[in-house]
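Reader: I am new to this structure and would like to learn how to read it; could you take me through it one feature at a time?

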Protein chains: 4
Amino acid sequence: MPAKNASNQEPLSKSAQRRQREREFRYQTILKAAETLFANEGYNMASMEQIADAAEVSVGAVYFYFKNKEDLLIQLLGEIGYLMRNILGRAFKKHGADMEAFKQAGYAFFEDFCVNYPEKCAIIFRESVGKSPEVEKHRKELFDKCTNDVLSALMTVCNNQGYKFKGKFSAEVIAVSIMGIYERVAYHYILWQNRGENLKNIGRDALAFILGGISNLFEGA
Amino acid sequence: MPAKNASNQEPLSKSAQRRQREREFRYQTILKAAETLFANEGYNMASMEQIADAAEVSVGAVYFYFKNKEDLLIQLLGEIGYLMRNILGRAFKKHGADMEAFKQAGYAFFEDFCVNYPEKCAIIFRESVGKSPEVEKHRKELFDKCTNDVLSALMTVCNNQGYKFKGKFSAEVIAVSIMGIYERVAYHYILWQNRGENLKNIGRDALAFILGGISNLFEGA
Amino acid sequence: MPAKNASNQEPLSKSAQRRQREREFRYQTILKAAETLFANEGYNMASMEQIADAAEVSVGAVYFYFKNKEDLLIQLLGEIGYLMRNILGRAFKKHGADMEAFKQAGYAFFEDFCVNYPEKCAIIFRESVGKSPEVEKHRKELFDKCTNDVLSALMTVCNNQGYKFKGKFSAEVIAVSIMGIYERVAYHYILWQNRGENLKNIGRDALAFILGGISNLFEGA
Amino acid sequence: MPAKNASNQEPLSKSAQRRQREREFRYQTILKAAETLFANEGYNMASMEQIADAAEVSVGAVYFYFKNKEDLLIQLLGEIGYLMRNILGRAFKKHGADMEAFKQAGYAFFEDFCVNYPEKCAIIFRESVGKSPEVEKHRKELFDKCTNDVLSALMTVCNNQGYKFKGKFSAEVIAVSIMGIYERVAYHYILWQNRGENLKNIGRDALAFILGGISNLFEGA
DNA sequence: CATGAATGAGGATTCATTCAT
DNA sequence: TATGAATGAATCCTCATTCAT
């Protein structure tokens, strides 16, 4: 992630390459340690020393790779958001970008993202909430991107399948609502009830609800 | 709220009554100060001294009425949750407990609760998230109650209007989803975009989406 | 104890007498509550509110009867010291003020004072130590009085039995030493080992040691 | 004292050695500052900030070396106890472990320990009394060790000199009594009367008393 | 690059004491 | 006299951050 030497195009020496690899490895090790601690102890409770200990580096090293504690959370938010959008986006494209694909993307969110990465769920949906203006800004940006993803997907489906929105319903509100469903269902069943094993069925019900809501707003659906 | 002398049925003396009133008044003053500061500065940034200053009392007085800072947040959560459920519940009952009433309750959430009490929105949806196990417990309890309210309302509508759920869709998942929509729409448009003036239309779109989703899961709707 | 109206010799009215009695009763109730709490929770840990609660009076009432928390401890020290010296003194006089009487006084300390009043032991030997210059002053005065009691008793025995101190041994050092034995034996077996039931035998051993020490310093013993 | 790297046997690098030394030095500096302040101002009155100031470090540094204020007192108790037992033990062994040695050990307590370290006297005999259950536990452990030292010494003398205790006198009670004499004589003449210069003679009188008490309990002494 | 000791501002909390009623 | 709400100074402790080695 940290792009040292980004513009410099001369090939790196062997040892420089190794150092580059080690650097990247350390960066990820620390980030992973922070993720685990933030998720399990809470952002506020997890101290930089604990994070350093868990990553088996010194406190100073953490500050070498990250500006400060907030930065750790922001980077985490970035990586988790990237992964989440990837999982959803890939599922959508893989199934042909029609309404069925939209559903499959929803399933992927629950079954691939939430079930496999409960700690990442805890970070985006719980630990990054209400922390600081800076974090909130990044959080907003991430959620806006996701909302736009959903919105684009909806539009794509419209175009591909010849649907049209009935009346003046704001598609953005629909997208925001869908995000809300994803978020709270994940929070409720993963973070509060720890029922990962049931999430497949839960996700199917949620998607049935969502698709019902969408189809009702279309003409000729 | 603090029920001194709850079981004791002898009528209070005049001066005791006045003290009781002043007591209640102080309690509310401090709670209001905390609400404002938590919403605007953030729970972590707001210090007990600031709260005391804002309420025009001493730090000690805050600790006389509340066990600690966490308790302040928990009481706030309780009062806000009570108000929110009241607004929704009243709107539902007033309109006859049918699907129309369900919709009106949703409108009430957006138009009466969110628009009039943006700070309370900030507390339940942002500042109380991921704070401590104790706060989280109370948050979960509140959201569980709300989910149950929605669930009961759905069931009532079913019975009153002779609807039946198509297939095995879990009504609980639907209820959780609806809560998710309420929460994120409020967060997005009130806390992030500060578009209280548009919330009426936004709420109508959200409700159209929700009702569409519900009706699609009913037989004979 | 609090001698209101000490010099005024006109006989008190009935109601004034009753008030006087009630006043005395309250004073003792509070002092007893403080004793129990100081002994069991420790002087520092026991709050004035706890003391007031235990005595079933208001905080203000405690301050009506006692100047401050320190005063509570000082009064306690006074009363306990008075009781302890009484027990020892009476035993000494009752047995004729000879060496046997000295021994009996020692037995009385262990068997009558320590065994019956472990909380008072905790106050004089533990809770009043190292608290404040003022308390320490009173503690010193009390121990000085006790040391003098022992010293006088020794001298009385000398005179009565025709003994004389061998050489230049300071009788005061002996008296201080004896006080030290009393104190630490009480502390060790009552406060640390809670072995009140064995204290009779323990006291006998201690006294055998003390008497041996004394007799060795006498000529013609 | 703080044994970083205790098991690791590889020789430390030069700079690591220096760090180790500095670490140890700081630790002792802080402890010394605490000792002085506890002894002169009292444990309760001495604030962590004062201690930090006196040691010329930051408050944080104090907490880097010690868990909390209580820990400071406990470590102090440990070091002082170690020193005191060493002084006594060495004197006893140096003089041949007979009754004369026992007496010399007593002299050493008064003349070497009390006179040279009045502040340490204040800590063990005054400032550590009745502070908290944790401190009291350590205090008890220390006094138990001392009592055992005295007991062992007595037994050694018995064996070496062919003495036997007359009757059933509990040697433990004698040991506790001797500790009591040491403690109160030190408290009385050092902490209350500040008569260090007379302590030599005072100690001799106390020891005469003790030895008299002991010899009287022996057969064939 | 890595280390980890040192910093010190900041904040929550306590509790003896006061005083209006 | 009695009450108990109110005060606010005092203090312990945390922990993100820095920087000399």
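Author: Let us begin with how two copies meet: 100% of the interface residues of chain B are also interface residues in chain A, so the copies meet through the same surface. Two residues are in contact here if their C-beta atoms, placed from the backbone, lie within 7 Å. Please keep in mind that this is a predicted model, in which local features need pLDDT of at least 70 and side-chain atom pairs count only at pLDDT 80 or more, while totals for chains, interfaces and linings use all residues. Residues are numbered from 1 along each chain as its sequence is written, and chains are lettered from A and ligands numbered from 1 in the order in which they are written.

Reader: How many residues of chain B are in contact with chain A, and which elements give two or more of them?

Author: In chain B, 32 residues are in contact with 32 residues of chain A. The elements of chain B that give two or more residues to this side are helix H6 (118-127), helix H8 (171-192) and helix H9 (199-217), where helices (H or I, at least four residues) are DSSP runs numbered from the N terminus. H8(B) gives the most, with 12 residues. By kind, the side of chain B that touches chain A divides into 16 nonpolar, 10 polar and six charged residues; Ala, Val, Leu, Ile, Met, Phe, Trp, Tyr, Cys and Pro count as nonpolar, Asp, Glu, Lys and Arg as charged, and the others, Gly among them, as polar.

Reader: At what angle do helix H8 of chain C and helix H8 of chain D cross?

Author: The axes of these two helices (residues 171-192 in each chain) come within 7 Å and cross at roughly 120°. H8(C) passes H8(D) in a right-handed crossing. Residues of H8(C) including Val173(C), Gly180(C) and His188(C) take part in the contact, as do residues of H8(D) including Val173(D), Gly180(D) and His188(D). The residues of this contact divide into 10 nonpolar, six polar and four charged.

Reader: How far apart are the closest C-alpha atoms of chain B and chain C?

Author: They lie 13 Å apart, and no contact joins chain B and chain C. Chain B and chain D do not touch either, their nearest C-alpha atoms being 22 Å apart.

Reader: Which residues are closest to DNA strand F?

Author: Of the 32 residues that surround DNA strand F, the closest are Asn68(A), Ser58(B), Gly60(B), Gly60(C) and Asn68(D); a residue is near a strand if its C-beta atom, placed from the backbone, lies within 6 Å of it. The surface near DNA strand F divides into 14 nonpolar, 11 polar and seven charged residues.

Methods:
Axes fitted to C-alpha atoms, helices over the stretch in contact; angles between N-to-C directions. Left-handed = near helix turned anticlockwise from the far one by under 90°.
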